[in-house]
Amino acid sequence: MYAVFVLQPLALTIQYSLYRWNGVGPATWVGLSNYVTVLRDPDLFGTIIHSFQLVLFFSVVPVSLGLVTASVIHRVAPGRFGTVTRTVLFLPQVIPLVAAGIIWGWLLSLPGLINQALDAIGLGSVTRAWLGDFDTALPAVGLIGIWVLLGFCTVLLLAGMTKIDPALYESARIDGAGWWREFVSITLPSLRYEVGVCLTVTIVAALAAFDIVYVSTGGGPGNSTAVPGIQIYILAFLERQVGLASALAVLLMILVLVIILPIQRLSREERR
Amino acid sequence: MRISRGEIYAGRALLLGLMAITILPFVSIFMTALHPSGTLPRGLEWPDDPQWGNFLEAFEVANMAALLRSSTFIVLAVVPVALVMATMAGFAIGLLRIPGARALLLLFVFGLTLPFEGIITPLYFLEREMGLLDTRFAIVLPLIALYMPFGVFWMRAHFANLPSDVTEAARVDGANTWALFWRIHVPLARPAIASLGVLMAVWTWNQFLLALVLVEDPLQRTMAGALGAFQGHYATDIPLLCAGTILILLPTLVVYVVFQRHIIAALLQGSVKG
């Protein structure tokens with residue numbers, strides 16, 4: 001009992017002290033003027049816009065594609081084939097994000113696989129250095145995110161699907177429901193909680209994206225793929241503008257909370 | 001279930017396609033890694049003369065042996081400590097229901113959504129003051145603390161869902177809280193603790209931001225952090241970069257293939273609970 005009450009506050013002290021650094025940081029080094037700068041400076045505010053665009057790729061696409069993939073596995077490949085698919089699709093989730101960034105940095109480069117494939121199907125005219133082009137860099141980073149997160153969403157949603165009572169499907173089929181009807185009126189409502197979790201995880205991944213962006217583009221070309229995580233790093237450790245970096249960090253954390261909390265509440269309530 | 005043949009084939013074709021997209025990048029860097037060092041091959045092209053020596057060269061250039069030791073040290077320093085702390089805290093909050101447990105739990109839940117980027121700046125300056133920068137402990141200590149929200153939440157969920165009979169029976173037999181924790185509940189919680197441990201090990205191995213900012217010497221970093229430095233130095237030598245990447249991936253891949261059931265289950269449970 002003694003140890004539990006001594007060690008546990010100890011753990012909490014570390015915990016608290018971490019948070020206090022964070023809380024104290026802005027208070028000591030930053031006035032409100034830094035927040036004004038973040039919101040006014042198009043480059044800094046742009047990073048927040050970019051991260052919302054990344055949400056589209058990191059979150060919306062993997063969750064919807066994951067829903068489709070999971071239901072396909074659930075329907076046509078219940079046996080070993082499904083297990084293999086699951087294992088393979090999950091693979092990108094366990095490798096370091098840095099590695100994913102390097103791998104795709106190569107695939108998307110001028111001589112890389114993507115351009116090779118485009119050449120092969122006669123689209124040689126659109127080939128380019130995808131990550132070095134102002135117009136395509138951000139979607140290209142998004143593509144990496146899709147690759148990494150699709151497996152996670154698929155496996156999680158699939159786990160949710162196997163918990164749905166098969167009797168529901170049988171009665172639906174007796175009523176003559178097709179694949180789409182089944183999907184909309186049985187699968188989707190039963191998966192609200194899992195979809196909520198997927199959205200939470202992927203949105204946090206998008207808003208806090210650092211590893212992939214740092215390795216694949218470093219925020220460039222220009223500022224076209226700079227996200228808050230990168231900008232915080234650049235400001236604090238390369239440009240030594242600690243105050244500004246902290247203001248951006250606080251805004252990022254608030255942003256995450258503001259977006260995540262409603263999703264959590266929604267998915268938990270609807271579960272009952 | 002009656003499902004038409006066409007649908008089965010179409011579905012399987014889709015899955016095969018997705019699997020190919022997942023695996024092709026790995027194949028591509030593997031083939032690229034076999035090209036002569038310093039050349040610029042195409043994305044998917046088997047070399048005329050496979051240079052298996054590239055792997056050896058990358059192993060030496062990246063000082064892989066020292067790296068493996070460094071990463072292993074960090075994992076071994078982080079995971080056991082974090083596990084003990086998280087289990088005890090989860091026990092106190094979930095089972096003993098100490099005063100203020102709800103408030104503590106809320107604090108931890110808030111910590112769950114906290115992106116590392118948010119605290120990296122103050123962390124750097126604090127560690128500079130403490131003289132921890134550029135040591136492995138600069139990574140180890142914050143990681144232990146940063147895993148606490150998730151770890152405590154995870155263990156609390158385990159302890160809170162236990163039926164209270166076990167605890168009561170042990171109490172009747174005269175067990176004090178200490179014995180109750182170590183003799184009864186830790187052995188019972190072994191699966192939950194094991195999954196949490198696997199998760200923390202993978203996360204630590206792959207941790208990049210903390211390593212990048214807090215430790216300058218790649219040899220004191222985690223695997224992922226070292227890979228970042230490697231990329232910085234050899235960005236122009238694509239085959240060597242690919243060989244190095246594969247070497248750094250290999251341990252994770254092996255662990256994944258061996259423990260894939262556990263890892264998938266742990267990651268999923270973890271996110272559902274979180």
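**Entry 1: Val98(A)**

I started at Val98(A), which lies in helix α5 of chain A, residues 97–107. I note that this is a predicted model. Is Val98(A) buried or exposed? I counted 31 C-beta neighbours inside 10 Å, so Val98(A) is buried; the cut-off for that class is 20 or more.

Next I looked up what Val98(A) touches, leaving out residues up to four places away in sequence. In chain A I found Asp211(A) and Val215(A). In chain B I found Phe208(B), Ala224(B), Leu227(B) and Gly228(B). I then checked one pair by distance. Val98(A) and Val215(A) are 117 residues apart along the chain, yet their C-alpha atoms are separated by 6.2 Å.

**Entry 2: the two chains**

I read off the elements of each chain. Chain A has 13 helices and zero strands. Its elements, from the N terminus on, run α-α-α-α-α-α-α-α-α-α-α-α-α. Chain B has 12 helices and, again, zero strands.

For chain B I get 45% of 274 residues.

I also looked at contact range, taking contacts between residues at least 6 apart in sequence. In chain A, 75% of these join residues at least 24 apart. In chain B the share is 73%.

**Entry 3: the core**

I turned to the largest nonpolar core, which holds 154 residues. Which members touch the most other members? From chain A I list Ala99(A), Ala100(A), Cys198(A), Ala209(A) and Leu248(A). From chain B I list Val78(B) and Ile139(B). Helix α6 of chain B, residues 137–160, gives the most to this core, with 16 residues.

Setting aside neighbours within four places in sequence, I find Val78(B) in contact with Val140(B), Leu143(B), Ile144(B), Met200(B) and Thr204(B).

**Entry 4: helix α3 of chain B**

I took the helix as a whole. Helix α3 of chain B covers residues 64–96, which is 33 residues. From first C-alpha to last, α3(B) reaches 46 Å. Just after α3(B), I noted a positive phi of about 50° at Arg97(B).

**Entry 5: α3(B) against α9(B)**

I examined how α3(B) packs with helix α9 of chain B, residues 190–206. Their axes come within 9 Å and cross at roughly 140°. The crossing of α3(B) and α9(B) is right-handed. By class, their contact has 12 nonpolar, four polar and no charged residues.

I listed the residues on each side. In α3(B) they are Ser71(B), Ile74(B), Val75(B), Val78(B), Val79(B), Ala82(B), Leu83(B), Ala86(B) and Thr87(B). In α9(B) they are Ile193(B), Leu196(B), Gly197(B), Met200(B), Ala201(B), Thr204(B) and Trp205(B). I set a general point beside this list: an α-helix has 3.6 residues a turn, so residues three or four places apart point the same way.

**Entry 6: Ala77(B)**

Last, I checked Ala77(B), which also sits in helix α3 of chain B. Why is Ala77(B) classed as partly exposed? The reason is its count of 18 C-beta neighbours inside 10 Å; the partly exposed class lies between the 12 or fewer of exposed and the 20 or more of buried. I also looked up Ala77(B) against Val202(B), 125 residues apart along the chain. Their C-alpha atoms are separated by 14 Å.

Technical notes:
Residues numbered from 1 in each chain as written. Chains lettered and ligands numbered in written order. Predicted model: local features only at pLDDT ≥ 70, side-chain atom pairs only at ≥ 80, totals over all residues. Helix = DSSP H or I, 4+ residues; strand = E, 2+ residues; numbered from the N terminus. Contact = placed C-beta atoms within 7 Å. Core = buried A, V, L, I, M, F, W, Y, C linked by C-beta atoms within 7 Å. Expected span 1.5 Å × (residues − 1). Axes fitted to C-alpha atoms, helices over the stretch in contact; angles between N-to-C directions. Left-handed = near helix turned anticlockwise from the far one by under 90°. Nonpolar A, V, L, I, M, F, W, Y, C, P; charged D, E, K, R; others polar.
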